[in-house]
Amino acid sequence: MEPTQLPLRDIHMPEAIGWWPPAMGWWLVAILAPLLIFLLVWLYKRLTRKTAIKTAKKILAQIKQDKTLDNHGKLVALSVLVRRVAISVAPREQAAGLTGQAWLAYLDSSVKGSPFSEGVGRHLSDAPYRKLQLADADIPQLISLCEDWLKAQVKK
């Protein structure tokens with residue numbers, strides 16, 4: 001046979017590489033990326049929550065030691081502090097719009113009993129809006145109650 005007469009076929013090209021199944025690295029990325037995002041969000045929330053509570057404890061200590069504030073000033077400062085912490089650690093929809101008895105019930109949900117609704121903590125609901133003078137014995141109880149509430153926020 002003559003070389004020009006050989007029955008040869010042309011060069012065969014391989015088929016294009018398909019997209020399925022993906023390589024093992026893509027499976028790892030698909031699993032680890034959402035896990036990493038979840039972990040970062042959880043860590044961010046945890047750190048900001050701890051920072052807010054730690055700062056609140058420092059401010060509470062300043063309020064307790066401040067000799068320039070009268071009882072009404074301390075009551076207003078405690079009311080504002082508790083509200084700010086609640087908005088910082090809880091979803092805004094859950095704590096920001098609460099007033100009156102609903103606000104006190106929200107505060108009671110973190111501590112044992114109902115010291116905010118029925119005890120000395122009831123003054124926190126309307127303290128910034130009234131010129132109410134508490135007795136000297138009530139302020140340490142209220143500060144102690146706020147400290148207990150802050151401790152309960154750490155455990156949540």
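## Helices and their neighbours

Asp10 counts as exposed because its relative accessibility is 65% (buried means under 20% relative accessible area, exposed over 50%, and partly exposed in between, with a 1.4 Å probe and protein chains only). Keep in mind that this is a predicted model, where local features need pLDDT of at least 70 and side-chain atom pairs count only at pLDDT 80 or more, while totals for chains, interfaces and linings use all residues. Residues are numbered from 1 along each chain as its sequence is written, and side-chain values use heavy atoms, with hydrogens and water left out.

**Before and along α1**

- From Asp10 to Lys64 you go 54 residues in sequence, and their C-alpha atoms lie 92 Å apart in space.
- Pro21 also belongs to the segment before α1.
- The peptide bond that joins Trp20 and Pro21 is cis, with omega at about -5°.
- For background, most peptide bonds are trans.
- Helix α1 covers residues 24–65, and its 42 residues should span 62 Å at 1.5 Å a residue; the end C-alpha atoms are 61 Å apart, so that agrees (the expected span is 1.5 Å times one less than the number of residues).
- Which residues of α1 are buried? They are Arg49, Ile53, Ala56, Leu60 and Ile63.
- These buried residues of α1 pack against α2 and α5.
- A handy rule here: an α-helix has 3.6 residues a turn, so residues three or four places apart point the same way.

**Where α1 meets α2**

- The axes of α1 and α2 come within 10 Å and cross at roughly 175° (axes are lines fitted to C-alpha atoms, for helices over the stretch in contact, and angles run from 0 to 180 degrees between N-to-C directions).
- That angle is why α1 is called roughly antiparallel to α2 (under 35 degrees is roughly parallel, over 145 roughly antiparallel, 65 to 115 roughly perpendicular, and the rest oblique).
- On the α1 side, the contact is made by Arg49, Ala52, Ile53, Ala56, Ile59, Leu60, Ile63 and Lys64 (contact means heavy atoms within 4.5 Å).
- On the α2 side, the contact residues are Lys74, Ala77, Leu78, Leu81, Val85, Ser88 and Val89.
- Sort the residues of this contact of α1 with α2 by type and you get 11 nonpolar, 1 polar and 3 charged (Ala, Val, Leu, Ile, Met, Phe, Trp, Tyr, Cys and Pro count as nonpolar, Asp, Glu, Lys and Arg as charged, and the others, Gly among them, as polar).

**Where α2 meets α5**

- Helix α2 (residues 71–89) and helix α5 (residues 138–155) pack at an angle of about 10°, and their axes are 11 Å apart.
- That makes α2 roughly parallel to α5.
- Residues of α2 in this contact include Leu75, Leu78, Val82 and Val85, while those of α5 include Ile143, Cys146, Trp149 and Gln153.
- The contact of α2 with α5 has 12 nonpolar, 2 polar and 1 charged residues.

**A look at α5 and Gln153**

- α5 has 18 residues and reaches 26 Å from its first C-alpha to its last, close to the 26 Å expected at 1.5 Å a residue.
- The buried residues of α5 pack against α1, α2 and α4; among them are Ile139, Leu142, Leu145 and Ala152.
- Is Gln153 buried or exposed? Gln153 counts as buried because its relative accessible area is 1%.
- Leaving aside neighbours within four places in sequence, Gln153 is in contact with Arg49, Ile53, Val89 and Ser110.

- In helix α4 (residues 100–108), Trp103, Leu104, Tyr106, Leu107 and Asp108 are buried, and their cover includes α2, α3 (92–95) and α5.
- His123 lies in the loop between α4 and α5, and it is buried with a relative accessible area of 14%.
- Apart from neighbours within four places in sequence, His123 is in contact with Leu75, Leu132 and Leu134.
- Ala127 has its place in the loop between α4 and α5 and is buried, with a relative accessible area of 1%.
- Ala127 and Val76 are 51 residues apart in sequence, yet 5.5 Å apart in space, C-alpha to C-alpha.
- Not counting residues up to four places away in sequence, Ala127 touches His72, Leu75, Val76 and Ser79.

Definitions and conventions
Helix = DSSP H or I, 4+ residues; strand = E, 2+ residues; numbered from the N terminus.
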